[in-house]
Amino acid sequence: TVAQAYSWTGERLVGFDGEYIDYIWDSQNENGPTLATIERKVSSVRSGLSYAINNNHKVLFNHVYSSVDRTDSDELISLLENTLQQTSDLYKQIYSLSYELKAFKEKFKLNAFGKYYLQTVKNTKPTFNDDNTEVIDEVYESSVHYTGYGFAASYILTPTITILTSGEKAIRLPSENEVFGDAGDNLLANLTIKPETSNNLNIGFRLGEFNIKKHGFTLAANF
């Protein structure tokens, strides 16, 4: 809410004309001054199930559910504008199925997994109709899904040398602020934002444990 410009040292910025600089948008935030309040109703549920076929084979299933029910208001705008503030809902579900294997007298270990991501966005924004005689709700709703997968494996060559490798198609679903924005953090809403995706492959090793008197240490590297 402060329009004056400051340097990183906390001192007022001075222009070439010797006068103090004020932001033309009347605040540090480029979207204008705000005293925004964001009310969130957050829920999260995690569940898991595992089944050991025998000592060397195991199957695991996990599920994560999260939701955010969000309402925005701002003390610096009129009562009518606050009445017309949007409501936003974000729902995420992640299902994962994994398989664990131990072989060669437990020298070799493998974990292979697949993930299914489901995200639902709902945004309701009240607005006036074309002739400003009635308030109508502009509703945006979308439901998208993605899949990811990966593995992690290790093999003990000797008691002090272990080879490690892993790979994954990783997915990070966008956060609530990335979807609906946050004026306080200067974040603009992007209802159609897509998740971050990456393909990762790693290989490395672990040496140890080596013991020197009462001390033990290991050395690990990953590429």
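Q: Is His63 buried or exposed in this predicted model?
A: His63 is found in strand 2, which covers residues 57–74. Its relative accessible area is 15%, and a residue counts as buried under 20%. Because of that value, His63 is classed as buried.

Q: Which side chain does His63 join through a polar contact of 2.9 Å?
A: Leaving aside neighbours within four places in sequence, His63 is in contact with several residues, among them Val45, Ser47 and Tyr95. Gln93 is also in contact with His63, and the polar contact of 2.9 Å joins the side chain of His63 to that of Gln93.

Q: How many residues apart in sequence are the parts that the pair of Tyr95 and Tyr116 ties together?
A: The structure holds 4 aromatic pairs. One of them is formed by Tyr95 and Tyr116, a tilted pair with 6.3 Å centre to centre and 45° between the planes. Tyr95 lies in strand 3 and Tyr116 in strand 4, so the parts tied together by this pair are separated in sequence by 21 residues.

Q: Which residues are linked into a cluster by ring pairs?
A: Tyr95 counts as partly exposed at 30% relative accessibility, and Tyr116 is likewise partly exposed, at 32%. Ring pairs link these two tyrosines with a phenylalanine, and the cluster consists of Phe61, Tyr95 and Tyr116.

Q: What accessible area do the residues of the nonpolar surface patch have together?
A: The patch is formed by Phe104, Tyr155, Leu157, Ile161 and Ile163, with strand 5 and strand 6 each supplying at least two of its residues. Together the residues of the patch have an accessible area of about 450 Å².

How values were computed:
Residues are numbered from 1 along each chain as its sequence is written. This is a predicted model: local features need pLDDT of at least 70, side-chain atom pairs count only at pLDDT 80 or more; totals for chains, interfaces and linings use all residues. Side-chain values use heavy atoms; hydrogens and water are left out. Helices (H or I, at least four residues) and strands (E, at least two) are DSSP runs, numbered from the N terminus. Buried means under 20% relative accessible area, exposed over 50%, partly exposed in between (1.4 Å probe, protein chains only). A polar contact is a pair of N or O atoms within 3.5 Å; within protein, one must be able to donate a hydrogen and the other to accept it, and residues adjacent in sequence count only if both atoms are side-chain atoms. Contact means heavy atoms within 4.5 Å. Patches are made of residues with over 30% relative accessible area and no salt bridge: like charges are joined within 9 Å, nonpolar side chains (Val, Leu, Ile, Met, Phe, Trp, Tyr) within 5 Å. Accessible areas come from the Shrake-Rupley method with a 1.4 Å probe; for residues, only the protein chains shown count as cover. A salt bridge is a side-chain nitrogen of Lys or Arg within 4 Å of a carboxyl oxygen of Asp or Glu. Rings of Phe, Tyr and Trp (its six-membered ring) pair if their centres lie within 6.5 Å; planes under 30 degrees apart count as stacked, over 60 as edge-to-face and the rest as tilted.
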